[in-house]
Amino acid sequence: MSESRAAKLGRPSRVLSGIRPTGDSFQLGNYVGAVRHWAAMQDESDCSFFLADLHALTELPEPDKLRERTRQSVAQLLALGVDPERSTVFAQSHVREHAELAWVLGCLTGFGEASRMTQFKEKGSHSSSGASVGLFTYPVLQAADILMYQADSVPIGEDQRQHLELTRDLAQRFNARYGETFVLPGAYAGRAGERIKDLQDPTRKMSKSIGGSGTVWVLDDPQAITKKVKSAVTDTGREVVAADDKPGITNLLTILSVATGAPVPDLEREYEGKGYGDFKAAVAEAVVELFAPVRARYDELVADPAELDRVLADGAARARETAVATMDAVRERVGLLAPVL
Ligand code: AQP
């Protein structure tokens with residue numbers, strides 16, 4: 001697969017992932033399903049992580065809010081262990097080639113093909129003002145994000161698998177029509193795929209846009225975390241076990257397992273015979289401990305916006321080296337006349 005391709009070429013595998021600066025804070029699910037893996041991958045892979053501010057525009061945020069959240073998101077990434085010395089950290093909009101490649105790939109995407117994307121159907125149906133064309137072409141921009149950097153693997157959640165398939169199809173289509181240009185990316189193999197559920201409705205995923213008392217924010221203070229975890233919806237019965245008919249307890253077990261590093265079966269044994277109350281108190285304490293140093297580091301980082309801007313500028317310069325080369329090749333292959341400068 002693609003990672004062995006990197007091994008054959010004698011270089012570390014190239015990994016790319018992004019997160020949208022759509023909330024005032026990342027939520028626990030973003031940490032569990034994405035950012036903690038990013039921090040862990042930096043030693044073995046050549047990593048690029050970006051703030052998907054163009055993707056965030058599909059929600060039409062207040063302009064000042066978007067700028068503020070983009071900086072806050074960089075600070076959170078760094079506080080959570082992403083190291084801009086070892087990884088390329090940048091804002092999507094700082095590398096203009098993303099939007100340009102998305103246009104080219106959009107011309108290779110079938111309307112029916114884009115219409116089949118389930119995320120568009122889901123998010124579009126929740127939008128009060130109707131779905132925008134931006135939301136419709138979101139997976140094409142995502143394909144451009146990935147293909148631009150010739151990424152070997154992309155750490156994604158189950159919800160993103162269909163978009164990765166589209167990305168691979170578009171890469172194949174482009175390569176077949178215009179000549180070998182793009183690497184076909186695979187899903188990141190080391191990804192455990194844990195999905196954190198909303199504490200108030202454990203049948204749906206925890207999400208920045210849902211918020212409320214079912215969402216634990218990475219930047220929540222200890223009292224807020226404790227209150228939310230202790231009032232999490234649980235299931236009938238008293239046993240602390242992971243099971244399909246116990247989505248609330250299963251979710252809390254996953255959270256405790258991630259926060260402490262203990263496997264779920266060990267935790268089930270530890271809480272055998274104890275009630276939900278003791279268990280929830282332990283989950284709350286573990287999450288408080290997990291995020292206390294992150295909050296402290298975040299406060300330091302966010303107090304220095306010039307330094308955050310410097311990190312982004314440096315990351316964009318590094319990202320651009322690859323992006324410019326990719327787009328030069330793409331322009332030439334599709335037949336765009338080179339500008340005379
Ligand atoms: N609940 C979750 N459990 C596990 N992983 C999650 N991710 C998000 N929620 C969970 C992962 O976080 C990464 C970045 O997500 P994003 O902000 O780009 O978009 P999202 O998936 O739509 O995240 P949110 O928090 O739900 O944002 P909103 O509410 O704005 O849509 C992705 O890798 C995602 O899998």
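**Exercise 1.** At what angle do helix α8 and helix α9 pack, and how far apart are their axes?

*Solution.* The model is predicted: local features need pLDDT of at least 70, side-chain atom pairs count only at pLDDT 80 or more, and totals for chains, interfaces and linings use all residues. Residues are numbered from 1 along each chain as its sequence is written, and side-chain values use heavy atoms, with hydrogens and water left out.

Step 1. Helix α8 (residues 133-148) and helix α9 (residues 161-178) pack at about 65°, with axes 9 Å apart.

Step 2. α8 is therefore roughly perpendicular to α9 (a term for angles of 65 to 115 degrees).

Step 3. The contact (heavy atoms within 4.5 Å) involves Pro139, Gln142, Ala143, Ile146 and Leu147 of α8, and His163, Leu164, Leu166, Thr167, Leu170 and Ala171 of α9.

Step 4. Sorted by class, the contact of α8 with α9 has 8 nonpolar, 3 polar and no charged residues. Here Ala, Val, Leu, Ile, Met, Phe, Trp, Tyr, Cys and Pro count as nonpolar, Asp, Glu, Lys and Arg as charged, and the others, Gly among them, as polar.

**Exercise 2.** Determine whether serine 73 is buried or exposed, and which residues serine 73 touches.

*Solution.* Step 1. Serine 73 lies in helix α4 (residues 63-79).

Step 1. Its relative accessibility is 1%, so serine 73 counts as buried (under 20% relative accessible area, with a 1.4 Å probe and protein chains only).

Step 2. Leaving aside residues up to four places away in sequence, serine 73 touches Pro21, Phe26 and Leu51.

How values were computed: Axes are lines fitted to C-alpha atoms, for helices over the stretch in contact, and angles run from 0 to 180 degrees between N-to-C directions. Helices (H or I, at least four residues) and strands (E, at least two) are DSSP runs, numbered from the N terminus. Angles under 35 degrees count as roughly parallel, over 145 as roughly antiparallel, 65 to 115 as roughly perpendicular and the rest as oblique. Buried means under 20% relative accessible area, exposed over 50%, partly exposed in between (1.4 Å probe, protein chains only).
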